[in-house]
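Please examine the sequence and the model before reading each solution.

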Amino acid sequence: MLAVLSTTAPIFLLIALGFIAVRTRLMPGDAIPGLGRLVMYIAMPALIFSTLTRMEFGEVIDSTYLLVYGLGSALALAAGIGLSMLLFRDSIAAGGVKGIGMAMSNSAFIGYPVLIQVFDDPPTNAFAMGLMVENMLILPLALVLIEYGVGRQNGTTLASAWKSVIIRVMKNPLIIAIVAGLIASALELQLPAVVDQSLGMLAGVAAPIALFVVGGSLVNSSLRGNVSEIGLVVVGKLALHPLMMVLLIWLLPDFDPRLQLAAVLMAAMPMMSIYPIIGGNYGYRNICASTLLVTTVASFVTITLALKLLL
């Protein structure tokens with residue numbers, strides 16, 4: 001157990017450091033969004049692109065991993081929408097917001113740092129494929145359902161909802177980095193040494209700054225909203241989502257054990273840090289912020305238990 005705690009403790013200590021720094025005003029709260037953009041638009045894309053260019057194209061994509069992670073996340077999304085509408089009589093839009101919370105992991109800010117701690121040589125392709133599934137399948141699908149649910153009274157069609165969401169996905173810097181990295185890998189491009197070294201330096205700061213940002217962003221979060229609704233999303237994200245991965249890994253053809261472990265771990269992460277922003281666009285900011293706070297704090301226990309069971 002001590003060995004597992006030595007893996008998870010540094011991650012949550014950095015999250016706690018970010019929280020304390022902002023809480024004590026050592027770091028102004030206004031600086032956290034800027035650091036978040038540094039990670040999302042510069043450091044993390046540099047990490048993804050530089051890593052993928054070093055890999056052979058055939059090593060980047062694993063079809064079984066994509067199937068497991070994609071189907072498992074889609075089932076978690078469907079469960080979130082269905083249970084929300086069944087138990088709380090929610091609309092499609094409200095169900096979609098809860099479904100996003102259950103199916104979208106914080107892969108960039110917590111998932112990759114966990115992989116770094118668990119693996120001597122982190123499977124970056126698992127991280128990249130996870131981002132592809134989340135940003136090119138799960139998030140667009142959920143947003144289309146939400147947009148359609150909100151706009152039905154205004155005559156919004158599925159086609160128009162898809163159009164706005166696809167444009168949003170194409171502008172995502174992480175997706176752009178993945179596509180560029182895949183192209184460079186397929187063409188076997190060799191980066192100039194100075195460029196490769198610069199990208200490596202940026203990649204090195206991605207994980208610690210990401211964790212610091214997660215902690216700092218929790219300062220203004222508070223518990224508001226229906227406890228039962230919050231509990232549903234928390235349990236769905238930290239238990240149902242990774243269990244879906246375990247079930248599919250058992251049912252589907254065998255593949256690389258490292259990728260199997262990565263799929264379960266990525267699904268076991270709390271939801272993405274921008275969850276309250278997404279929910280806020282549709283009037284659910286308070287409950288999304290509360291859910292993010294509870295899920296992130298509870299994930300210290302659940303991730304530790306998951307590592308204990310899996311390792």
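**Exercise 1.** Determine where the kink in helix H11 is centred.

*Solution.* In this predicted model, H11 bends by about 40 degrees, and the kink is centred on Gly236. The helix itself covers residues 227-251, 25 residues in total. From its first C-alpha to its last, H11 reaches 34 Å, close to the 36 Å expected at 1.5 Å a residue. Finally, consider the N-terminal end of H11, which is capped by Asn226. A side-chain oxygen of Asn226 lies 2.7 Å from the backbone nitrogen of Ser228.

**Exercise 2.** Identify the residues that make the nonpolar surface patch, and state which helix gives the largest share.

*Solution.* The patch, of about 380 Å², is made by Leu141, Trp162, Ile166 and Met170. Helix H8 (residues 158-170) supplies the largest share, three residues. Trp162 is found in this helix. With a relative accessible area of 34%, Trp162 counts as partly exposed, because that class lies between the limits of 20% and 50%.

**Exercise 3.** Decide whether Arg89 and Glu188 are buried or exposed.

*Solution.* First, locate Arg89: it belongs to the loop between helix H4 (63-88) and helix H5 (92-103). Its phi is near 55 degrees, a positive value in a residue other than glycine. Next, locate Glu188, in the loop between helix H9 (173-186) and helix H10 (193-217). Glu188 is not a glycine either, and its phi is positive at about 55 degrees. Exposed means over 50% relative accessible area. Arg89, at 67%, is therefore exposed, and Glu188, at 66%, is exposed as well.

Notes: Residues are numbered from 1 along each chain as its sequence is written. This is a predicted model: local features need pLDDT of at least 70, side-chain atom pairs count only at pLDDT 80 or more; totals for chains, interfaces and linings use all residues. Side-chain values use heavy atoms; hydrogens and water are left out. Helices (H or I, at least four residues) and strands (E, at least two) are DSSP runs, numbered from the N terminus. The expected span of a helix is 1.5 Å times one less than its number of residues. The bend at a residue is the angle between axes fitted to the seven residues ending there and the seven starting there. A polar contact is a pair of N or O atoms within 3.5 Å; within protein, one must be able to donate a hydrogen and the other to accept it, and residues adjacent in sequence count only if both atoms are side-chain atoms. Patches are made of residues with over 30% relative accessible area and no salt bridge: like charges are joined within 9 Å, nonpolar side chains (Val, Leu, Ile, Met, Phe, Trp, Tyr) within 5 Å. Accessible areas come from the Shrake-Rupley method with a 1.4 Å probe; for residues, only the protein chains shown count as cover. A salt bridge is a side-chain nitrogen of Lys or Arg within 4 Å of a carboxyl oxygen of Asp or Glu. Buried means under 20% relative accessible area, exposed over 50%, partly exposed in between (1.4 Å probe, protein chains only).
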